[in-house]
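Please keep the sequence and the structure open beside the text while reading.

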Amino acid sequence: MCKHILNAQVAIRAPCCRQWFDCAECHAETQTHQLKKTTEMAFLCKKCKKAFRKDMSNYEESDEYCPYCDNHYVLEAKTPQAVLGLEGEDPRIDARLLRDDRVKQVSHPLLSQDFSDKID
């Protein structure tokens, strides 16, 4: 699974070392050589697990789909984003101090009345 592109639909075979990678950054992290560029790319569909080749010099919009299962593998890449959080205790462990604004506080009419004069 690729940590750079979260929605990778195909693996790409590097022409230099003939190994499969999800993206060029994965290749750069694990190999000591530069990624060789080529016009003919070999892909492995992650949906149907079948390999196919595409000529990148004559690439068309119809080539954005797996020829076996029609999986649309050319998508806008979703990359991990940094998230800001609050320091402190983990609310999943102790949520007693958190107030849920979605819950409307309902007061019961009997609880709001003063019955102190009725008690002897």
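Leaving aside its neighbours within four places in sequence, Glu 64 is in contact with Tyr 59, Asn 71, His 72, Tyr 73 and Val 74. The model is a predicted one, and the points below should be read with that in mind. One of these contacts, Tyr 73, returns in the aromatic cluster that links it with Phe 43 and Phe 52.

- Although Glu 64 is buried, it has no salt bridge, and the nearest side chain of opposite charge, that of Lys 54, is 10 Å away.
- Because a salt bridge requires the nitrogen and the carboxyl oxygen to be within 4 Å, the 10 Å to Lys 54 leaves Glu 64 without such a partner.

**Aromatic rings**

- A search of the whole structure finds 3 aromatic pairs, and one of them is formed by Phe 43 and Tyr 73, whose rings are tilted, with 5.4 Å from centre to centre and 40° between the planes.
- Phe 43 belongs to strand β3 (residues 40-45) while Tyr 73 lies in the segment after β4, so this pair ties together parts of the chain that are 30 residues apart in sequence.
- Both partners are buried, since Phe 43 has a relative accessible area of 6% and Tyr 73 has one of 8%.
- Through ring pairs, Phe 43, Phe 52 and Tyr 73 are linked into a cluster.

**Salt bridges**

- Side chains of opposite charge can pair when their charged atoms come close.
- The structure holds 4 salt bridges, among them the one between Glu 29 and Lys 3, in which the closest N and O atoms are 3.5 Å apart.
- Glu 29 counts as partly exposed, at 49% relative accessibility, whereas Lys 3 counts as exposed, at 54%.
- Another salt bridge joins the side chains of Glu 40 and Arg 53, at 3.2 Å from N to O, and it links distant parts of the chain, with Glu 40 in strand β3 and Arg 53 in strand β4, 13 residues apart.
- In this pair, Glu 40 is partly exposed, with a relative accessible area of 43%, while Arg 53 counts as exposed, at 53% relative accessibility.
- Asp 63 and Lys 54 also meet through their side chains in a salt bridge, at 3.4 Å from N to O, and here Asp 63 and Lys 54 are both buried.

**The sheet**

- Strands of a sheet pair through backbone hydrogen bonds, either parallel or antiparallel.
- In this model, 4 strands make up an open sheet in the order β2-β1-β3-β4, and their pairing is antiparallel.
- The edges are taken by β2 (20-21) and β4, each of which has a single partner strand, so one side of each is left without a neighbour in the sheet.
- Further in, β1 and β3 pair in the antiparallel sense over 4 bridges, and Ile 12 stands opposite Phe 43 in β3.

Note on methods: Residues numbered from 1 in each chain as written. Predicted model: local features only at pLDDT ≥ 70, side-chain atom pairs only at ≥ 80, totals over all residues. Heavy atoms only, no water. Buried < 20%, exposed > 50% of the residue type's maximum accessible area, 1.4 Å probe, protein only. Lys, Arg positive; Asp, Glu negative; His and termini not counted. Contact = heavy atoms within 4.5 Å. Phe/Tyr/Trp six-rings, centres within 6.5 Å; stacked < 30°, edge-to-face > 60°. Helix = DSSP H or I, 4+ residues; strand = E, 2+ residues; numbered from the N terminus. Pairing = 2+ DSSP bridges.
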